[in-house]
Amino acid sequence: MTALHPAREQFQLEEVLAALGHPIRASIVRKLSSSGKETFCGEIVPGVPKSTLTHHWRVLRESGVIRQRPSGRKLYITLRRDDLDARFPGLLDLLLSEESFGRAADQVTAV
């Protein structure tokens, strides 16, 4: 598996915003941000079908929001916080602090 991880200077604002605009992806980013550490992908959003998560991982990865690292049969996910903050200062803080962003993410976890 070859994961596409764009370089920081390749991040496009439109792609990052589109990636963060979906409730499941918002939930993933919120959980990664609150944990602050690399997390096994199966622990982030339990109950969502693997095929659906595969799509969301790809969108987040290709936009530059996350980094994926395979280890054996597991896949670990890390929020690329430093890269996002360097490329778009304050964007992630603004989105994570927005009440609507949090509500959308919480609705997904409640389903």
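Which residues are buried in α4? L53, H56, W57, V59, L60, R61 and S63. Buried means under 20% relative accessible area, with exposed over 50% and partly exposed in between, using a 1.4 Å probe and protein chains only.

Some ground rules. This is a predicted model, where local features need pLDDT of at least 70, side-chain atom pairs count only at pLDDT 80 or more, and totals for chains, interfaces and linings use all residues. Residues are numbered from 1 along each chain as its sequence is written, and side-chain values use heavy atoms, leaving out hydrogens and water. Helices (H or I, at least four residues) and strands (E, at least two) are DSSP runs, numbered from the N terminus.

Back to α4. Helix α4 covers residues 50–63. What covers its buried residues includes α1, α2, α3, β2 and β3, with contact meaning heavy atoms within 4.5 Å. Just after α4, G64 takes a positive phi of about 100°.

Now R61. R61 counts as buried because its relative accessibility is 11%. Its side chain reaches the backbone oxygen of L4 at 3.4 Å.

On to the strands. Strands pair if DSSP finds at least two bridges between them. β2 and β3 run antiparallel, joined by six bridges. Q68 has I77 in β3 as its bridge partner. In their hairpin, two residues sit between the strands, and G72 takes a positive phi near 65°.

β1 also runs antiparallel to β3, through two bridges. There, F40 has Y76 as its bridge partner. K74 lies over the face of F40, 4.6 Å from the ring centre. The cut-offs for that: NZ of Lys or CZ of Arg within 6 Å of the ring centre and within 35 degrees of the ring normal.

How values were computed
The expected span of a helix is 1.5 Å times one less than its number of residues. A polar contact is a pair of N or O atoms within 3.5 Å; within protein, one must be able to donate a hydrogen and the other to accept it, and residues adjacent in sequence count only if both atoms are side-chain atoms.
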